[in-house]
Amino acid sequence: MPASASSNNRPPDLLCRLNSGDEDTKLKALREVKNQIIGNKTKKLSYIKLGAVPTVVDILGTASDSDTCLLIQSAAVIGSFSCGVDVGVKAVLDSGAFPHLFRIISNSDDKVVDAAARSLRMIFQSKLAPKYHFLEEEKLEFLLSLLNSENENVTGLGASIISHSCETSAEQMVLSEAGVLERLITLLEGSLNLRDVSLESLAAIIKNNCEIISKFVNLDSGRALSLIKELVKDRYPRTRLLACMVLIAIGQSSPCHLRDIGIRTKLILTLVELLEESDRVGDEAPFALARLISDKEDLHKLALEVDILIKLCKFLSKVPVRAKRLEGILLALSELCSKLENCRSQFLTLQVLNLVTDALKHDLAEVRTAACICIRSVTRSVKNLSAGHYFNEMTVIPLVQLLRDPCTSVQVAALGAISNIVVDFKIRKSTFIQCGGVKHLVQLSKSMDAVLRLNAVLALRNLMFLLDKNGKECILLELTISTLASLICDPEPSIQEQALALVRNLVDGCVDSIEHVFSEDGLIINSVGRQVWTALKPEVCVQGMYVLSNVAAGNELHKEAVMHHLLQPEASESTQSVIIKFLQGSDSQLRTASVWGVVNLTYPDSPGASDRYERLRDAGIISQIKSMVNDPCLDAKFRVRTVLEQCMTFPSSSA
């Protein structure tokens, strides 16, 4: 018969032996637990559920400094529980292991010190690990002692603490002034392990800090920077990745130090090559690439020249792609397609949009989010979007379904993609409306989450853009007049702005569309009028004035309503018309929107134009417009001339 494992090596039995009063029994049990959980996540979780972690930590805490075997084995088990499993890290921290591990770092036995250092490093690899407050003098001194230790594991622990805990400019400056940069550069010439942890620490110390970057690049007459550039060509993939990340940190804050076309090309090509790696390196590489080219049109062009977009799409076509890597590739593609029309066109011709659409249904929320962001970037192409060759029901319907996603970040990303797609003049709007998209947008516009509310209103605004009469009525029927009025008065100014822009698109067009703002006793037009008088943000006032300008393009009743709201102070003690304040203001968009309103109010062919001209003149508005004939904003200047030309046709005009 086949042999079977000893029955007393089952988790419950081993846990009993860990609680034994006999030291030798404890030691054997610790070794057995360690052997079972190393590389076995299932076993780790099983022991954690049984409550093994507090028992192991208790063994570590009660063992004397001379109980080296118990110290070594208990520290090793704690490290194994912490390795790659956040649940394990939490259990270790909740059990109070930290002070015990730091205590035995000073043990006289090197093996004990090694075990403690390795265990602490595993904990510090997790985001759950507490920050190390090295701004305190005593803790900084201890950290420096770790970095300067002759024990490689202890030195590596010091570097790991920096990578995990250094976040603020104050922390960066303290470490720099303490000579940490110089020490880390020295460690780059050490073992592979020290080299990699040093690169991680360097990236943390220089991140977003121009002063420290300047100091770093000038160390040893540029030797430090040259060393990092050489490590981009290292034989070890992780070293290459980490060296790239240091250079990316330099380039993001101080581009002047990374202008050489050769090194920038090398960085891009290296990061794409690293996608071939099967481990964490391959997963992290596309994220690093996305950071490298983020918001940099020159790097987008360079990437296009060396066929990076084609290579990324080939990786996307490989099945299966690990979830983390897929997320990173989608984000890198999104960044590449964010600015250049050439990139977006090439992406679409490579016919991988169906793969991105498939990712909208991925099990992981992060991948679904990245897919939405990618589609949003690609749909910035007005030419391809309006052509209607690529975006159809296969893309629109999954995006609409994501509006019900349980993850808020997915909903926000889906709204971003939808906002672009529904701008299309006709083709995509009807598809979106027919598959129930409006209902979901309206529901999200009522969300308690301000970000969701904002993005939902933005999508409704774009859907309303140049929409036909039936489509507008369909949206308004679902949204309702009262909900739209409440959005105009939302506590968030950004939502007020987008809600007014939505109304601006609603009343852009035929007179019948303008009638909607007068429904329910003028609920919408009154809300617009109040915001124009009381809003503090110029962006809100701009949209409000454009709404009134569009309404003023309607019939006589519409024009008179606008006159009422512009000339009668609403919720204000000022007797001066609000439009005077806008025309005298420094915001060029607000001046332009205000002049547009006067253009439409004084259109000569309107029956009441002459009377409105006189009232505007008496309110000082015409005089103010005359003073703007040389307005620095060309749009405002041209509209001013139009007003003055129209006014010349009125008998009472002296213009």
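Trainee: How does Asp-307 count by relative accessibility?

Mentor: Asp-307 has 37%, so it counts as partly exposed; that label sits between buried (under 20% relative accessible area) and exposed (over 50%), using a 1.4 Å probe and protein chains only. Keep in mind that this is a predicted model, where local features need pLDDT of at least 70 and side-chain atom pairs count only at pLDDT 80 or more, while totals for chains, interfaces and linings use all residues. Residues are numbered from 1 along each chain as its sequence is written, and side-chain values use heavy atoms, with hydrogens and water left out.

Trainee: What about the phi of Asp-307?

Mentor: Most residues other than glycine have a negative phi. Asp-307 isn't a glycine, yet its phi is positive, about 65°. You'll find Asp-307 in the loop between helix 19 (297–305) and helix 20 (308–317); helices are DSSP runs (H or I, at least four residues), as are strands (E, at least two), numbered from the N terminus.

Trainee: And where is Asp-220 found?

Mentor: Look in the loop between helix 14 (210–217) and helix 15 (223–231). Asp-220 is another non-glycine with a positive phi, about 50°, and its relative accessible area of 54% makes it exposed.

Trainee: Is Ser-338 buried or exposed?

Mentor: Buried, with a relative accessible area of 14%. Ser-338 has its place in the loop between helix 21 (323–336) and helix 22 (341–349). Skip the neighbours within four places in sequence, and Ser-338 is in contact with His-300, Arg-344, Ser-377 and Arg-380, contact being heavy atoms within 4.5 Å.

Trainee: On to rings. How many aromatic pairs does the structure hold?

Mentor: It holds 6. Rings of Phe, Tyr and Trp (its six-membered ring) pair if their centres lie within 6.5 Å; planes under 30 degrees apart are stacked, over 60 edge-to-face, the rest tilted. Take Phe-98 and Phe-124: they're tilted, 5.4 Å centre to centre with 45° between the planes. Phe-98 lies in helix 7 (residues 97–104) and Phe-124 in helix 8, so this pair ties together parts that are 26 residues apart in sequence. Phe-98 and Phe-124 are both buried. Then there's Phe-102 with Phe-142: ring centres 5.9 Å apart and planes at 70°, so that pair is edge-to-face. Phe-102 is in helix 7 and Phe-142 in helix 9 (residues 137–147), 40 residues apart. At 17% Phe-102 counts as buried, whereas Phe-142, at 25%, is partly exposed. Ring pairs join Phe-98, Phe-102, Phe-124, Tyr-132 and Phe-142 in a cluster.

Trainee: Which residue lies over the face of Tyr-132?

Mentor: That's Lys-139, 5.8 Å from the ring centre. The test wants NZ of Lys or CZ of Arg within 6 Å of the ring centre and within 35 degrees of the ring normal. Elsewhere, the charged end of Arg-504 sits over the ring of Tyr-546, 3.9 Å from its centre.

Trainee: Last one: how many residues line the largest pocket?

Mentor: There are 46, with Gln-125, Glu-200, Arg-238, Arg-280 and Glu-284 nearest its centre. On a 1 Å grid over the protein atoms alone, a pocket is an open set of points where a 1.4 Å probe fits, with protein on both sides within 12 Å along at least five of seven lines; lining residues have an atom within 4 Å of a point. Helix 13 gives the most to that lining, 8 residues. Helices supplying at least two residues each include helix 3 (41–50), helix 16 (237–253) and helix 18 (280–293).
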